[in-house]
Amino acid sequence: MRSDVLTASSVFDANRARGAVRFDVHARDGVTRRGILHESGSLRVRFPSPEDEGLSGVFVNTAGGVAGGDRFDIEIAAADGSKLTLTTAAAEKVYRAPGQAAELNIALKVAAGAHLGWLPQETILFDRARVRRRFDIDLDATASLLLCEIVVFGRTAMGERMEQGEFVDRWRLRRGGKLVFAETVRLDGNIGAKLARSAVARGGAAIGTALIVPGDEALIERIREASESFASEVGISAWNGFAMARFCAQDAARLRADMMTVLARTGAALPRLWLN
């Protein structure tokens, strides 16, 4: 290989963003407080004024987005009886990756009687973006979780579509030490053509998942009562002690509105940034 190509590759690798956040929260006298916080690279978390329902955190990526070869790691532990809600300052944008894929690794641990709300704003994939994401979630049998993720394949409002790229999304959920949910979604190559298939997304440009623990048929019925108002296609079910709602929509705005309806049906308070 030519030396100028090697040099360009080395410069590209040296300029990849790295970021990590690791912290814990604990409850004392009914109030949730942050423990030790470790931050590195371009990833930060900020804690606005405490709210009635516990502590709120907002992730900020000072790199301005995610590109090929970037890596971000998040590790969070909620101690007994604590309440924590997390979101992002804005939608996360994943840009074109000419080389290796970006990596996003999220590890969440929720102890006895604790609650964690993972409610980031949308992840937007640009054409030829490549990203691999991994969730590892460990819940105590008495813990609760509300996890919401929305992925948008191109900014349709600006006439953009994701045609080529890679999206790998691996989720593993353990409750009381037992694996109760495992799934890996893989879309690569000509993603635009795959999303156009009736059995995949029928031309949809946004997908979303709400994972609710604990979840039962009573919760599912409350969500289904609102389903006639949904602009997205939706599937709702409960098993293994948790509930899940999945969405597929032609654009992100419709899906976001439907997701907000579902979250409201769970009784959760939306992060303030969702309402701006």
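This is a predicted model: local features need pLDDT of at least 70, side-chain atom pairs count only at pLDDT 80 or more; totals for chains, interfaces and linings use all residues.
1. Buried here stands for under 20% relative accessible area.

2. The side chains of S12 fall into two sets. Ser144, Leu146, Cys148, Ile150 and Val152 point one way, while Leu145, Leu147, Glu149, Val151 and Phe153 point the other way. Residues on both sides of S12 are buried, Glu149 among them.

3. Two strands run parallel to S12. Strand S9 (residues 115–118) is joined to S12 by 4 bridges, and within this pairing Trp118 stands opposite Leu147. Strand S10 (residues 123–125) is joined to S12 by 3 bridges, with Ile124 opposite Val152.

4. Strand S15 (residues 206–213) pairs with S12 in the antiparallel sense, over 8 bridges. In this pairing, Gly208 of S15 is the bridge partner of Ile150.

5. The second largest pocket holds about 450 Å³ of space. Its lining comprises 25 residues, and Leu43, Phe59, Asn61, Thr88 and Glu92 are those that lie nearest the centre of the pocket.

6. Several strands contribute to the lining of this second largest pocket: S4 (55–61), S5 (71–78), S7 (92–94) and S8 (102–110) each supply at least two residues. By residue class, the lining divides into 14 nonpolar, 7 polar and 4 charged residues.

Note on methods:
Residues are numbered from 1 along each chain as its sequence is written. Side-chain values use heavy atoms; hydrogens and water are left out. Buried means under 20% relative accessible area, exposed over 50%, partly exposed in between (1.4 Å probe, protein chains only). Two strands pair if DSSP finds at least two bridges between them. On a 1 Å grid over the protein atoms alone, a cavity is a set of points where a 1.4 Å probe fits but cannot get out, and a pocket is an open set with protein on both sides within 12 Å along at least five of seven lines; lining residues have an atom within 4 Å of a point. Grid points are joined across faces, edges and corners, and a volume is the space filled by probe spheres set on the points. Ala, Val, Leu, Ile, Met, Phe, Trp, Tyr, Cys and Pro count as nonpolar, Asp, Glu, Lys and Arg as charged, and the others, Gly among them, as polar.
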